[in-house]
Amino acid sequence: MLLITHEAMIAHETPPHHPERPARLTAVLNALADLDLLREDAPMAQREALLRVHPQAFVDAMDSVFPGAGEGMVALDSGDTFLSERSREAAYRAAGAVAAAVDAVMEGRTRRAFCAVRPPGHHAEPAQPMGFCIFNNVAVGALHALDAHGLARVAVIDLDLHHGNGTQAVAMKEPRLFFGSTHQRPLYPGTGAAHEEGPHGNLVNAPLPPGAGSAQWRAAMRETVLPALSGFAPELVLISAGFDAHHNDPLADMRLDADDFAWAVEAISAAAPTAHGRIVSTLEGGYDLAALAASARAHVLALMAA
C-alpha cells in the first residue's frame, strides 16, 4: 500500500497553541513508521488539477498572499486559518498528494493509498479558504479522477467530526461526485443538515448529536450513508479521514474509538464493490496527538488488510 506525504507539510506553521499544528503530522507518521508501506513524496499539485475545483481568480489570489521568506504569518480569517513561509508548498503538495494517489490507484500500481497531509482540505470552498483549510485536497483528487482518468462516478466519504462543507459545495455542482458524511451537529461550520441532498440527489448527510458514540455512528453509516454509497455505484472511493470524532479529541463531543476508523474502511469497501477495492484516504482533522496517532494507525492497517 502507498503512503504519500512530504516534510514541507510539517514546515507549515500555525500560531502557538493552534490545534492544527505540525506535531499532528509527525504523530501520524511516527504511528505508521513500522508498517510495510511504500512511501512517496507528494508532488506539487498541477495548476490544472487545482482549477477543476477552485476558480483561477482564487488560486491567483492565494498565490499573492502566501508569505515569502521572512515575511511573517498571515491570517486568512478570524483566527482559524494561517499561512507561514512554507505554507504555499505545503498546500500545493497536500492537494498534489491526493491527485498522485488517484493516479497510482487508477494506474494499478496500488489498490489503496493514504495521504498523510496538512493543511487539511474539506472545509475549503471553491472560492474561500476556511477552517484550517486552503485548497480542498479531496475534491482535487476526486475531480482529477473524473476528468483525467475518465471515470463516470466517484465518491467521497467524510468521517471527520466536522461537516465537509467545501467538498459538499463542489459536489452540489458535479453530479458525477457522491458526497456522504457523518458529523456532529450543531457544530462548525453549520452545514450538513439531513435535508441537504443537493440538486442532483448526490449528497447524503447523517448528522449526529453531541455525545454520540460508536453504536450511533455505526448505525448512521449502515442505515444512511452506506446504502446511498452502494446505490451510487462508484468506480473509486475517496475518504476524508478526520479522526476528531475520537472521544479524547478536544474540539468537540463525539465518543468514537480508534477501532471505529478501521471498521469504516471495511464497511465502505463492502458497500462499494463497483470500486473493486480502490480507495484513496486523506488526512483531515484530529487534534489529540495520541488519539490521532492511534486512529490513523488503525485506519491504515484496515486499508492494508481490506
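**Cavity.** I looked up the lining of the largest cavity and found H12, T14, H18, E20, D80, T81, F82, F132 and I134. I am working on a predicted model, where local features need pLDDT of at least 70, side-chain atom pairs count only at pLDDT 80 or more, and totals for chains, interfaces and linings use all residues. Residues are numbered from 1 along each chain as its sequence is written, and side-chain values use heavy atoms, with hydrogens and water left out. A cavity here is a set of points, on a 1 Å grid over the protein atoms alone, where a 1.4 Å probe fits but cannot get out, and lining residues have an atom within 4 Å of a point. The largest cavity has a volume of about 30 Å³ (the space filled by probe spheres set on the points, with grid points joined across faces, edges and corners). My search of the whole structure turned up one cavity of 30 Å³ or more. I sorted its lining into three nonpolar, four polar and two charged residues (Ala, Val, Leu, Ile, Met, Phe, Trp, Tyr, Cys and Pro count as nonpolar, Asp, Glu, Lys and Arg as charged, and the others, Gly among them, as polar).

**Pocket.** Next I checked the largest pocket (an open set with protein on both sides within 12 Å along at least five of seven lines). I noted about 170 Å³ of space in it. Its lining has 16 residues, with G131, F132, H162, Y188 and L251 nearest the centre. By class I counted seven nonpolar, five polar and four charged.

**Backbone.** I found a cis peptide bond between Y188 and P189, with omega about 5°. P189 sits in the loop between β7 (177-184) and β8 (203-208) (strands are DSSP runs of E, at least two residues, and helices are runs of H or I, at least four, numbered from the N terminus). The bond from R118 to P119 is cis too, with omega near 0°, and P119 belongs to the loop between β5 (112-115) and α5 (137-148). H17 is not a glycine, yet I read a positive phi of about 75° there; H17 is in the loop between β1 (2-5) and α1 (22-32).

**Helix pair.** Last, I looked at α7 (residues 214-232) and α8 (residues 258-271), whose axes come within 10 Å and cross at roughly 20° (axes are lines fitted to C-alpha atoms over the stretch in contact, with angles from 0 to 180 degrees between N-to-C directions). I therefore wrote α7 down as roughly parallel to α8 (angles under 35 degrees).

Technical notes: Angles under 35 degrees count as roughly parallel, over 145 as roughly antiparallel, 65 to 115 as roughly perpendicular and the rest as oblique.
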